[in-house]
Amino acid sequence: MAPLESPADLARRVERERRAADLQREGNLEKSLDPFKVGTVAYLNAVPLIRGIENEVIAATPAKLAELLQKNELDAGLVSITEVLFHDRYDILDGIAIASLGEVKSVLLAHRRPISEATEVFCDTASLTSVNLLRVLLAERGLNPVFKPLPDYQSATSHDFVLLIGDAALDFVFSPHEHEIMDLGSAWLELTGLPFVYAVWALRRGVENLALRRQLREARDFGLDTLDSIVRSRGEYTYEFRKDYLGWHIHYHLGADEKRGLARFAELLRKHGTAEVYDPKFVS
């Protein structure tokens with residue numbers, strides 16, 4: 001009869017088997033996107049959606065990804081939701097998103113004066129959705145400031161009102177500043193009671209992409225299954241922050257509530273905007 005494993009030996013064996021399974025999944029995803037061209041935002045919050053395909057995707061800002069998609073230089077992009085709402089040329093991969101129900105941490109208005117006094121807001125030039133989200137949130141308060149491009153991130157602390165997104169927003173929060181923070185995810189929940197969808201996989205319409213959709217789902221599943229490992233292995237900010245940010249503030253599903261939030265955003269864009277807004281089209 002084989003000797004019983006000690007608890008420590010059992011834990012080591014389970015860990016070895018888990019790591020072997022993860023390596024197998026990673027190997028299965030290697031070069032799995034060929035011949036498709038795929039882009040993603042280069043932010044911490046996107047990491048769980050590209051687990052195993054990190055070396056196969058083009059990383060860029062939301063604005064640059066939108067440009068590449070519009071030029072048909074990408075077959076799919078993890079883009080700001082407004083890129084899909086303002087251009088009737090994409091399908092949304094159903095079930096996957098970067099979203100939050102309340103505080104998101106990385107989409108914020110930093111302000112040194114009361115928001116009611118805002119006459120101009122300097123905006124992160126990488127942003128697409130957050131500018132429109134802030135415009136809607138302020139318009140619902142009867143405020144219509146002028147939105148100007150932020151010259152550079154180093155000047156962010158010198159402005160009374162500055163909109164930041166992604167890692168630049170987190171860098172700002174973790175650095176010395178005199179600003180108060182308006183979290184746009186919290187403000188949206190307060191206004192609507194719904195989640196907000198920041199980004200989705202936009203698929204170029206007219207391209208046969210069943211295999212691509214399957215691989216993007218597998219990458220997301222792999223990322224969520226190994227989220228603890230991602231949190232431990234990354235070096236940004238602090239471990240506790242990464243754990244809360246990726247495991248609590250951000251969520252990665254696109255369900256009925258998220259679609260209601262998306263529909264409400266489209267409704268408010270039509271109410272307060274000037275561009276045509278299209279109904280999103282989802283593919284499984």
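Reader: Is Arg 113 buried, partly exposed or exposed?

Author: Arg 113 counts as partly exposed, at 33% relative accessibility. Buried means under 20% relative accessible area, exposed over 50%, and partly exposed in between (1.4 Å probe, protein chains only). This is a predicted model, where local features need pLDDT of at least 70 and side-chain atom pairs count only at pLDDT 80 or more, while totals for chains, interfaces and linings use all residues. Residues are numbered from 1 along each chain as its sequence is written, and side-chain values use heavy atoms, with hydrogens and water left out.

Reader: Which side chain does Arg 113 meet in a salt bridge?

Author: Asp 160, at 3.2 Å from N to O. A salt bridge is a side-chain nitrogen of Lys or Arg within 4 Å of a carboxyl oxygen of Asp or Glu. Asp 160 is partly exposed too, at 25%.

Reader: How many salt bridges are there in the whole structure?

Author: A search finds 18. In one of them, Asp 91 pairs with Arg 205, with the closest N and O atoms 3.0 Å apart. Those two residues are 114 apart in the chain.

Reader: Asp 91, buried or exposed?

Author: Buried, at 15% relative accessibility. Arg 205 is partly exposed, at 30%.

Reader: Now Arg 234. What does its side chain meet?

Author: Glu 236, in a salt bridge of 2.6 Å, N to O. Arg 234 has 31% relative accessibility and counts as partly exposed.

Reader: Which residues do shared partners join into one network?

Author: Asp 88, Asp 91, Arg 205 and Lys 281, through salt bridges.

Notes
Helices (H or I, at least four residues) and strands (E, at least two) are DSSP runs, numbered from the N terminus.
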